[in-house]
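Trainee: Could we go through a structure together, with questions from me and answers from you?
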Amino acid sequence: MNLRMVWRKGLNVVMLTITGACALVTVSALFVILGFLAWHGARSIHWSFFTHLPAPTGEIGGGIANAIVGSGKLLLLAACVGVPIGLIGAIYLAEYAGAGFAFIIRYAADLMNGVPSIVIGIFAYAIIVVSMHHFSALAGGFALGIMMIPVILRSCEEFLKTVPRSLREGAMAVGASKWKTIVTVVVPAASGGIITAILLAMARVAGETAPLLFTAFGNQFWSRGLNQPTAALPMVIYNYAMSPYDDLHRQAWAAGLVLLGLVLVTNIATRLVLSRRTSQAR
Amino acid sequence: MGTVSTVAGPEASGSRLWVLLRRLRSGDTIAHSITFTFASSILVITALLVYELWIQSGPSRAKFGWHFFYTSTWDPVFGQFGAWPFIYGTLVTTIVALFMAVPLGIGAAIFLSELAPPKLSRGLSFVIDLLAAVPSVIYGLLAVFTLVPLMRTTVEPFLKKTLGFLPFFKGPAYGVGFLTAGIVLAVMIVPYIISVSREVLLAVPQDQREASLGLGATKWETTWKIVVSYAGAGIMGSVFLSMARALGETMAVTMVIGNQPKVSTSLLAPGYSIASVIANEFAEAAGNLHLSALIELGLVLLALTLVLNGLARLLIVLTSRRGAGVAR
C-alpha cells in the first residue's frame, strides 16, 4: 500500500468519525437541555404553583395559574383562526387546485412560515390592537393563529394526498358528489393525520413569546373574557428570567419545565401515533 | 340535457339555469369556491402583511429615508432614529451562528444520511426534530442562567488569553454579547440545517454513490466529492433557510445579547439586534415616530427573510427534483 493510499484511508476514517461526532454533539444538546430544566425546575414545582396567582413583586411564592389558563385561551383562539384556513386551504390544494396555482399557494405558505414571529406580532398589532386601542387576548390569539396557518396547510395537504385514489373513486361511483366525497370519505380517512398536524401546530405556537409581547401583553391577574390583556406561559418565563429576584428565577425554571414538557410530550405522542399508523397501513 | 338545449332559445336558457341550479344543489361549485377563498386568503394575508408594515412605517421612511440604515443614533426622546447598530448586531450574531452551525449541521446530516444504519438514523432524526420544537424562550432561559456565567468566568477569559491579539476578542468579559448570542443561535438553527440537508442528501440517486465506489473511491471521497456536491444547491438552501431563522430570532437573542445599541468589533462586547429592539421597545414606544421606526425595522427583517426563504425554497425544490428525475 503506497503512501497516498494510506492518506486516503486515513482521511476516510477521520472525516467519517468527525461527522459522527457532529451528530452526537447535536443530539446530546436535547439531553443537556432536558437535564438542566428538570434539575432546576423540579425543585420549585408543587401544587400551589399551578393553582395560585403570581405573588406581588418582591414577595416569595405565588404561582402561574393565570398564565396557564391564558395560554390555553390564546391557543384556542389561535386554533379558531389557523385550523379553518389551514385545513380548508389544504383541501383546496389537495382536491381542486391546478398545479400552477397550487405551487403559488404552497410557496406563499412556505414564505409565511419563514416570517419571523416578531413581525407577525407587528402585523397583529397593526390589524387588531390599533383598531381596538388596547392589548387583548384576541390580538395575541390572532397572531398565533396566523403562525399556525402555513404549518397546518402544508401538513394537512400531505395527509390528504396519502388518501388512496380508489376510496375517492369508490365514493363517486356510488353517486356521491365531489364535495360529499371529500367531507364523508377523504377527510375522515385522513383525520388521524389532520389531528396530528393541528396538535403539532399548536405545540409550535404554544412556545412563541415574541408575537405576544405587544398583542396579549401579559397580566398579573386573571383576565376576563377575550378583550383584556392576558398572561401566557412563555411570556412569564421571559419576564421572570429577566427579573432580578431569585425566587422568580426559580419559578421561571419551573414554568420552563412545564412548557417544555407540554411541547415535547405533544410532539412525541403525536409522532409515535403517526408512525405506528403509517407502518400499519403498509 | 344536450337534446333539450338545442331546441329553442327561451327553453335553452331555462335549462341552463336548471343545470346551474342542479350544480349548486349538489354543492360542488359552492365547495370549490369556498375552499378556493380559504386557500387564496393565504395570498391575501401575505400581501396584507407587507402592505401593513409598509404603510405603518411611512412616517419613519419619509423622515429618515436611506439615512435610517447607516446612522447610529437611536434616541426616542429627540426623535432621532438610525438603525445601524441593530442591523450590525443582527448580521454579526447571524454570521457567528452560521460559522458554528453550518459545519456542525452538514457533518451531522452526512452522518445521518450516508453512514448511520437506517434505524439509528431515524431515531436520531426524531431527536433532532424534537430539538427544533423546543421554544426559543427555553433556549434563552438556559442561556441566561448557564451559558452566560460560563462565558463570563471561563470561555471569554480563555479566548482573550489565547486569541486576544485579534480585534474580535478584546474588552471586558461581560458574559452577554455578540458571541454568546451567536452561540445560542447556532444551537437553535442546527436542527433546521440537519433536517433539510438530510432530506436533500437522501434524494441523491443511489447509482451516483455506487458508480463512485465502483471506481475505487473511498466512502468519504464518494460522500464529499459526489454526494455533497450533487446536493450542493439544496444544502445551500438549508443554510439560507436557517440564516433566515437566525436573522428573525427574537427571545433567546434578546435575553443574552446585552441590549446596548453599540457597534463594536469585539465579539465579547454587548450589542443589540433588530428583533430584540422591537421586542423591548414596541409596547412602550414613545410616540408615533418611534413606533414607525420600529415597524420599519420589522419591514427590514421581513424583506430579508422573504428574500432568503424565497431563494432557499427554490434551491431545495430544484435539487430534489433533479435527484428524483435522475432516479427515474
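Predicted model: local features only at pLDDT ≥ 70, side-chain atom pairs only at ≥ 80, totals over all residues.

Trainee: Are α5(A) and α6(A) parallel, perpendicular or oblique to each other?
Mentor: Take the axes, lines fitted to C-alpha atoms over the stretch in contact, with angles from 0 to 180 degrees between N-to-C directions. For α5 (residues 117-132) and α6 (residues 137-161) of chain A, they come within 9 Å and cross at roughly 135°. Angles under 35 degrees count as roughly parallel, over 145 as roughly antiparallel, 65 to 115 as roughly perpendicular and the rest as oblique. So α5(A) and α6(A) are oblique.

Trainee: How many nonpolar residues does the contact of α5(A) with α6(A) have?
Mentor: Residues are in contact if their C-beta atoms, placed from the backbone, lie within 7 Å. Among those making this contact are Ile120(A) and Phe123(A) of α5(A) and Phe142(A) of α6(A). Ala, Val, Leu, Ile, Met, Phe, Trp, Tyr, Cys and Pro count as nonpolar, Asp, Glu, Lys and Arg as charged, and the others, Gly among them, as polar. The contact has no charged residues, 2 polar ones, and nonpolar ones numbering 12.

Trainee: Is His133(A) buried or exposed?
Mentor: His133(A) sits in the loop between α5 and α6 of chain A, and has a positive phi of about 70° although it isn't a glycine. Buried means 20 or more other C-beta atoms (placed from the backbone) within 10 Å of a residue's own, exposed means 12 or fewer, and partly exposed is in between. With 7 other C-beta atoms within 10 Å, His133(A) is exposed.

Trainee: And is Asn259(B) buried or exposed?
Mentor: Asn259(B) also isn't a glycine, yet has a positive phi of about 55°. Its place is in the loop between α13 (251-256) and α14 of chain B. There are 20 other C-beta atoms within 10 Å, so Asn259(B) is buried.

Trainee: Which helix gives the largest share of the side of chain B that touches chain A?
Mentor: The contact takes 68 residues from chain B and 72 from chain A. Helices here are DSSP runs (H or I, at least four residues), numbered from the N terminus. The largest share on chain B's side, 17 residues, comes from residues 28-56, helix α3 of chain B.

Terms used:
Residues numbered from 1 in each chain as written. Chains lettered and ligands numbered in written order. Helix = DSSP H or I, 4+ residues; strand = E, 2+ residues; numbered from the N terminus. Contact = placed C-beta atoms within 7 Å.
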